[in-house]
Amino acid sequence: MADPRFYDSTGPLSLAQIGQLASAALVTGADPGTLIHDVAPLDRATAGQISFCDTPRFLGTLQKTQASAVFVTSKLAPSVPQNVVALVCDRPTLAFAKTATRLYPDAGSLWPASQPPVLAIAPTARIGAGTIVAPGAFIGEGVEIGERAVVGPGAVIGRGVQIGHATRIGPHVSISHALIGDNCIVHAGARIGQDGFGYVNSASGHFKIPQLGRVILQDHVEVGANTAIDRGALADTVIGEGTKIDNLVQIGHNNHLGRHCIIVSQVGMSGSCDIEDFVVMGGQVGVADHLKIGKGVQVAARGGVTRSLEAGKVYGGFPAKPVEQWRREVASLSRMGKAGKTKTEAGND
């Protein structure tokens, strides 16, 4: 369920309304008056919520879902549990996105639509003893900031955000849809909690998928200047305790980073990756989506991670491979290049 501190729902919607909105057909016998209150992932959905499944890859999860209704293709419809209503359509992801947009039309807003800001610090904000709020900062409705914290000049803290004790927020930082722990440091210009990059292709163009999750920074996390950490699409983006993130890093939606990781400048992570504890990534490493990187993995600078990586190993190159193999390949190419150059020079003589 979308966190009500950050999101206002316009629901509920009946299955009949959803079917019409999403161009989806209800299976025979379904009650069109059944009310849907929220959207959720297949594995987390409960009664009163709707989800989607558009690939056999998640067939096992579909068969176990507790959702009230699910968007599916006609091929997957027979696999929907008997107690779950199937809404059959050609594009389940698009149908789901349209429904989520109808329920949460203002998902990216820093303040409730009914309460536009009139003060720099909202009257419902709670700020702990000894906390310093510099001039030019904006603090929204329902924000909670602990004791001995610092909010720098020009910082923007959106509705419902929680910030722990002794955490320092630098100048011109923007934070929304986020829960931040104690003793964290967020350097100047960082962007935490903005939309994840999620779209569904349609005949009329790219349809935006509402991003309804949060960002969670655990205690003692450091975020570098001009780094961006996207909030989750339906679940959360999580940065584990003690993790240190350099400047100009992009962390996409739904990523889970473990404890005490080191992420160096200009790393870019696609969405929905599971990064375990004590992982180190050198500068400009790129990570594809839906991968698992095991505990203690190190990836050399400019490595390209295109598959899941086994714990405790060092990797390098593109695509990333065990560093010894990568170094041998680089050395072999270097020798081949030198040999070819020598032959060319000899021919010219």
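Biologist: What should I keep in mind about the numbering and the predicted model?

Modeller: Residues are numbered from 1 along each chain as its sequence is written, and side-chain values use heavy atoms, with hydrogens and water left out. In this predicted model, local features need pLDDT of at least 70 and side-chain atom pairs count only at pLDDT 80 or more, while totals for chains, interfaces and linings use all residues.

Biologist: What makes a stretch count as a helix or a strand?

Modeller: Both are DSSP runs, numbered from the N terminus: helices are H or I with at least four residues, and strands are E with at least two. By that rule the protein has four helices and 38 strands. Strand 6, for instance, covers residues 69–72.

Biologist: Why are both faces of strand 6 called covered?

Modeller: Buried means under 20% relative accessible area, exposed means over 50%, and partly exposed lies in between (1.4 Å probe, protein chains only). Ala69 and Phe71 on one side are buried, and so are Val70 and Val72 on the other. Across the protein, 47% of the 349 residues count as buried.

Biologist: How do you know that strand 6 pairs with strand 5?

Modeller: Two strands pair if DSSP finds at least two bridges between them. Strand 5 (residues 49–53) and strand 6 have four bridges, in the parallel sense, so they meet the rule for a pair. Ile50 stands opposite Ala69 here. Strand 6 also pairs in the parallel sense with strand 7 (residues 85–88), again over four bridges, and there Phe71 stands opposite Leu87.

Biologist: What makes strand 8 and strand 34 edge strands?

Modeller: Nine strands form an open sheet with parallel pairing, in the order 8-11-14-17-22-25-28-31-34. Strand 8 (126–127) and strand 34 (292–293) each pair on one side only. Strand 8 runs parallel to strand 11 (residues 144–145), joined by two bridges, and Ile127 has Ile145 as its bridge partner.

Biologist: What holds strands of a sheet together as pairs?

Modeller: Strands pair through backbone hydrogen bonds, either parallel or antiparallel.
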